[in-house]
Structure formats: C-alpha cells, structure tokens
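I opened a notebook for this structure and wrote down each thing as I looked it up. The entries follow in that order.

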Amino acid sequence: MVSSAALPLSTARADCTNPARPEKTIVYASDHKVLQYCDGTNWIAMHAPGSGSGGCTNPVKDEGALVFNEDHHIFQTCAGNQWMGVGLPGGPSWAAAELRATFRGDDTAAGDTFGLDRAAALRGDLALVGSELTNGDKGAAYLFDVSDPASPVQLSKMMAFDTGSSSFLYFGNAVTIRDDMVLIAARAIDCSASVYYCGAAYLFDISDPSNPVAKAKITASDAQANDAFGSSVAAPTSGNLALVGAAQYLGTQRGKTYVFDVSDLDNPVELAKITASDAADGDEFGRDLSASGNLALIGAWRDDTAAGADTGSAYLFDISDPANPIERSKIVPGDITPGARFGTTMHLSGSLAIVSAYLSNTVAGAQAGAAYLYDLSDPDNPVQLAKIEPDDPSAGDRFGFDVQIDGDRAFIGAYFADTASGTDSGALYVFDISDPGNPAQIAKLLPPPQPNPDPHFPNNILISGDKILATGVYGDSAGTDSGEAYLFQATYPGTCSEPDGTAGALVYNYDYRVYQYCDGANWVPVGKATTTYADRTPDAFDFTNETGTAFSTIVQSNIVTITGIGAGISVSITGGGSPEFRVNGGTWVTSGTIDDGDTLQLRLTSNAAGSTTNSATVTVGSTSDQWDVTTGSGSPTGCPNIGDECDDGTVYAGLSPDGNEPMYTTPADAGQFTWNNGTANWVDTAMANNSYATGEANTALLVGLADAASPYAAAVYCDGLTNVHGHSDWYLPAMNELDVMYDNHAAIGGFNTSGSFPAGSYWSSSESNNSNAPLQRFSDGLQFNGLKDNVLSVRCVRR
C-alpha cells in the first residue's frame, strides 16, 4: 500500500458513534465478538466475527485480547473463545532459507540410496521417504514427523507385506501421500515365477502415522515381465484416484500408465490404462507423471521426436472421466535438443505446469539443462510461458532433474552442479513466477559439505508451507551412498520500512484511514481501508440441500449471486462426490476466483447407496457453506400389488425366487439383443449350472468380460441403464428370476406373448454351456436353451 511515512498527527475527521469514540480508537464489540476501530467516520471490523465468550487458550487470554503470533506473522484476537486472524499472514521468504536438519532412516546403511528420485513425499508435517535398496534390495519407506524442522522424528517404517518369490523388490522406489493414504511402489517385484520384475504398488492407511495399516496390493490387470509397474505414482487431491506408471511396459520400454479408484483402500479398482497416441518402443511413457484436478501430465522422457532421438515429450490427458482418459495434447518445446530428456520430471499446479529437460544442451554447454513453464488453461493448446535457466548455468549441471511449483514459486534442482559444497554436490534454485512469463531467480540452496562431495542434491523436491524436503541420494552420512534427506525452512525478515517498524508493530495510516501492522517484511492492512482496500468478505449466501436424489447421479445446486465484495476473491470446493463449481455458467472447476455480482453454482455426484449424504464445502474468500445431497431410500412406493406402477415409474414384478426381496421392472421391453454375438468364439464364462438365481452377479461378471472379442450385449444393456426411473442398478434377470416374471406376466404387462421366435422369447443371464444360454418363451412358459448369438427380447430388473 502507499506508505504514510510521516504519519501526520492531523485533526480527526470525526468521531464515530455507537459507541462514541474519536478516530483511531480500537474497541472490542462483545455483542458481535469482533475487534473494531474508528476510521474517523465508521467502525471498521478488523476480522470476521467470532462466537462464544469466556476467553481463549494457547495462549490464555481474555475476550478481546490482541496479540501478534510470531510463528505465523499475523495479529490475532480472542473473539469470544477462539483466536481469529487479523489481516493477512505474512509470506515466507526463500531468499534466506535455512538448512534445519539432515536425516535418514534409523537403519539406513551404506549403499541404500535413501531418497532416490520419485521416492519422497511431503504432506503438512509428515514426510515419507523411500529407500529401495534397503534390506538387501527389498526396500522400505520411512514416515517422519517434521513439525519441528530442526528435529525430524521417525514415526514408522513400512515394508512390502506380500513379496511372493521375489529376490528383490525395490519397494519404496516411488511414493506419494494423500490425506491418510500412502501409495508405495515396488517396481521390481515378481508377479509369479514366470512373470518377473512386473512391479506392484502398496496402499497403507496412516491415520495413525505411528502405526500404518497395510490395506491392499495393486498390480496391473495385464502385467508382463519387466513392466516396472510402479516407475512413478501420483494421487490427485480430489477424485479418490491413484495413477501408476509402468515405464518399461512389455519389456520394450514403450510404457503405460494405469488409473485406479482407491476410494476403498481395501479394494482398489483398475479403471483405465493410458498409452500415448503415438507410442513407440523405448519411449518410457510413465517414467514420471503428475495429476491435479481433472488433468494428468505424463512424461515420455526418451520419446524420439522430429528434433532427434531421446528429445522426450509430455502428454496431457483429461481424466474427468477416469474410466475413459482422453489425450488432449502432446507437449514438445520448439527449441528442444536431441537427448534432452524433456519429460524427466514434471509438476502440475492449477493451470500451470513445469516440465524438465535436464540433459538439454543450452548456450551454457552440453547437458546444462533447462525447465519449461506452461499455461494449461486450454488443455488442447498448452502455451509455453517461459524457459527457465539459472543465473549461473554450467555445462553438465543437469538443471531440472526435479521440479516443483508452490504458489508463485518454482523450485528446480541441478543435481550435478559444482558448488562450495563440493564437485557434483548439486544445488536447489528457487524462482519467483508471479509473472510467469518472466521467472526471476531469488535463491540458491546448497547441501552441507559431504565426506565424499557428490550427494547429487536434490534428487527430490517437495514443498509444504515454509518447509522444503529435498534428498541427496548419494549422501554419505551413514556410509558411502547411504543417502539422506534435508529439511530447509524459509525465513521471515524482521523489519518493515516507510515507516520503519519491527515485526508486530501496529500503526494507523492517516492517508488511507486504516490500521496496518508489520509482518516482518510488509505493512499489512487490518480491516477495510476506506479508499484503497476492497471488502473481501462476501454477503451471506446459501446453497439449498437436496434430498431424495437418485443414486450415482450428477446433481446441480441452486444458483447464488455473490455480493458484498470489492475485488475478486478465491473460490475452492472440497468434499465427497467429486464436487465442482462454475462461475457465471462457465467451466466446472475446483478452484478459481469470483467477482462481485458473479453467479456461483455447485455440482457433485450423489452417493451410490440409499439414504446416504455426499457433502461439499465451498469457500468464497473466508466464508464457507456446506451443501448436502442425500439419496433416496432406493425402495419404490405406491405399488403394494404385483403389476402396480410405483411412484418412480417402475412396476412391481413380485418377490425374488427365495421370497426375500421385491423385484421391480420397467413397463416395457428393452428391445432385442444377443446373449453373446459369437463372432469370435463361444466364450464359456464358467458360471454354468451355478447361475440360475444370481442375475445381479451374473450381469456383473458378463459386463466385466464386455471388452472381449464377443460382447455380452443383453447384460451390457441392462447394466448400462443409468438413472432410468431414478435408478442405476438394473441387471439381466437370472433364469429363476425370469420365471417369476413369467408367472406374473399378465399383471406386469408389456411382454410379447405371441409365441413367435425370437421376439416371443426372453434371455436370462444364466448359462448352460459355452455355446448355449437358457431362455423362456412367454406364450406358455417353456424354458429351453438357445445359441448365444440368437437375438431375443430382454426385460431388465432391479431389487
């Protein structure tokens, strides 16, 4: 803000009323639980109103107390019984970041290469570091508490819980954390005695970080020897998805990436396999990847392009429908050089992406390295914003071996750089990308000197708040090439200027009639400046809860108009059912900004179970609202008798063969379909003679085979009915269920009873043998077998 260096003692403009006080006076309004000051005309709230009364703890102060929180560089006031922030917190400074600690696993030994590339993750105050060569190449992963950056504490050690016959696993070669889940890869594990080195990934629940719980082992459905499944892993913060790269797929280094649903950690489900549209042997597609929101960026660091061999590339995929990823674009810089390995590492952050080419030849020399910054707001047309190189590039530095974006900062490693810490010791560069077209280097961080000066720092870079976790895979603190991790922490300058003040100083700016405090670097306005600072707290808004919705259905909220703000503010959304929002009817997103007078609408996918709520919390500036979407019970009403039409439009068809559950059907036939078209072979599903009362299970089995050469058209049709009469759990009835419908067909109605073949006969989902399935004629109830490629009538049911 414009300074008020002299802070003139001018005559107050006017007193405020209710209560009557002169300009600059600070009072605590106990009625509203808010600290306020008189700007010479009005009482200005200094933070959001609080709740409750009686004093605060940590620290213990009375209601209305004002203190400066040195840890977070922000004023806070006791608003009733809770501490609330006053103004905006000051940001960390990376220009003088400090190395706070060097650490490793409690049993790390020489040759372990603790923290090899892609083997580290950071979430809040938890750090996860893999060590793939620990325990005789079996590998391990270690979880640390880094809440005190100067004293990391090992909480637990995780190892593969199902190793089979593998002699070595490389467990911990790639790791990631999301919420209370960790995913740890073991790229060299054998799938069987004949399928060796195929790879796997392991899921753990770390809700109690000191006692991780092993949940499931993930393998590829089409695993082959030497796939290296687990070359890379990622878990987007929304969507309950996990991505696993297999850079050596089929042993040809062609590469493939898999998408899994990990909403149930005990039962991960493979949703899709991703390959490049122009895949070729040797590309190593999936060697590294990053995912954020609805986008996944996957590197093929050895892709041969028009620029030459091993130039590398990065592919952008839309994973909004995770079962059907769509390739949106392929990214290759226009100035890339042969052997650059573009796509070695990458990181997505909102609409920004950074991709490395660590072996790129530049004006500084061979393999000096570079990183590229892209705008992905139009995924079909990524825009290169900048090519980033350090201020002191040198041949052989390999700048860009790892990259990260955090807010308006980019962090890039040059792990072969020669520095004061030694030859090939490496360096970590920090860039200001607030103007992404003109990145500016603001810091260069070094590892401590080594017994042998080649730790290759940093192999990994992770950011959380004001902490950096970096690894030096060849650090020697526990023996030659034992590997180690480093924690750096940003610092906060201690003074402000114009006027001069130390951190925590509180002054009144007469020019703009606003209080401001020094956060150690800048003067921060407190409350609403009369002429300069816009109101960023919106008027109250409310999204109407929805009840009785259909299962697994996208539900949209009412539209609200955001008012009461003087400038654009941030919007974000979290919760169940993959919630999103849109502004002014635009694109559905999970984060963005909104201006005064803009409209806001939410959507999410309702739960797959009855009478169950998915909740989304949307935050506009500092104001949040929870929107609840609750499914109906799933049981139709208004149809007590067989043949009655229910309130949801279905028809009551009678009790299931065991007499325990009501069955419901549609008012008319679905049409005519084959059981199996038989064009390639008569597929025996191995359920014959065990399938006469299990239509729902039969349908699920057949649909699981639907991508085979002979699709199961009748079962696939029923399973594919989505939101028909408000339901998505339809299936092809088993023979015994179909017989119940025949017994009640006169009351139900809509059946073909002509006795003709094929129209008058109905398929069941049961099976007789590899070429025949049972059917029933509805003119007389005769049951007999028919060839699976007959085109017969179909009526779907649900319970």
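Entry one, a side chain and a backbone atom. I looked at D402 and found a polar atom of its side chain 2.7 Å from the backbone nitrogen of I461. I note here that the model is a predicted one. D402 sits in strand β28, residues 399-406.

Strand β32 covers residues 461-464. I traced an open sheet of 4 strands in the order β7-β34-β33-β32, and the pairing is antiparallel. β7 (93-103) and β32 are the edge strands, each pairing on one side only. From one strand to the next, the twist averages 25°. I followed β7 to its partner β34, residues 484-491, and found 6 bridges in the antiparallel sense. T102 has Y486 of β34 as its bridge partner.

Entry three, another open sheet. I found 3 strands, ordered β37-β38-β39, with antiparallel pairing. Why does one side of β37 and of β39 lack a neighbour in the sheet? Both stand at the edges with a single partner strand each, so one side of each is left without a neighbour. I took their ranges as 506-509 for β37 and 523-526 for β39. The twist from one strand to the next averages 35° here. β37 is joined to β38, residues 514-518, by 4 bridges. N509 has V514 of β38 as its bridge partner.

I checked β17, residues 241-246: buried or exposed? Of its 6 residues, 6 are buried. Side chains in a regular strand alternate between the two faces of the sheet. In β17, L241, L243 and G245 point one way, while A242, V244 and A246 point the other way, and all are buried.

β16, residues 229-234, runs antiparallel to β17 and is joined to β17 by 4 bridges. F229 has A246 as its bridge partner. The hairpin of β16 and β17 has 6 residues between the strands, and G239 there takes a positive phi near 95°. I then turned to β18, residues 256-261, which pairs with β17 over 6 bridges, again antiparallel. G245 has T257 of β18 as its bridge partner.

Terms used: Residues are numbered from 1 along each chain as its sequence is written. This is a predicted model: local features need pLDDT of at least 70, side-chain atom pairs count only at pLDDT 80 or more; totals for chains, interfaces and linings use all residues. Side-chain values use heavy atoms; hydrogens and water are left out. Two strands pair if DSSP finds at least two bridges between them. Helices (H or I, at least four residues) and strands (E, at least two) are DSSP runs, numbered from the N terminus. Axes are lines fitted to C-alpha atoms, for helices over the stretch in contact, and angles run from 0 to 180 degrees between N-to-C directions. A polar contact is a pair of N or O atoms within 3.5 Å; within protein, one must be able to donate a hydrogen and the other to accept it, and residues adjacent in sequence count only if both atoms are side-chain atoms. Buried means under 20% relative accessible area, exposed over 50%, partly exposed in between (1.4 Å probe, protein chains only).
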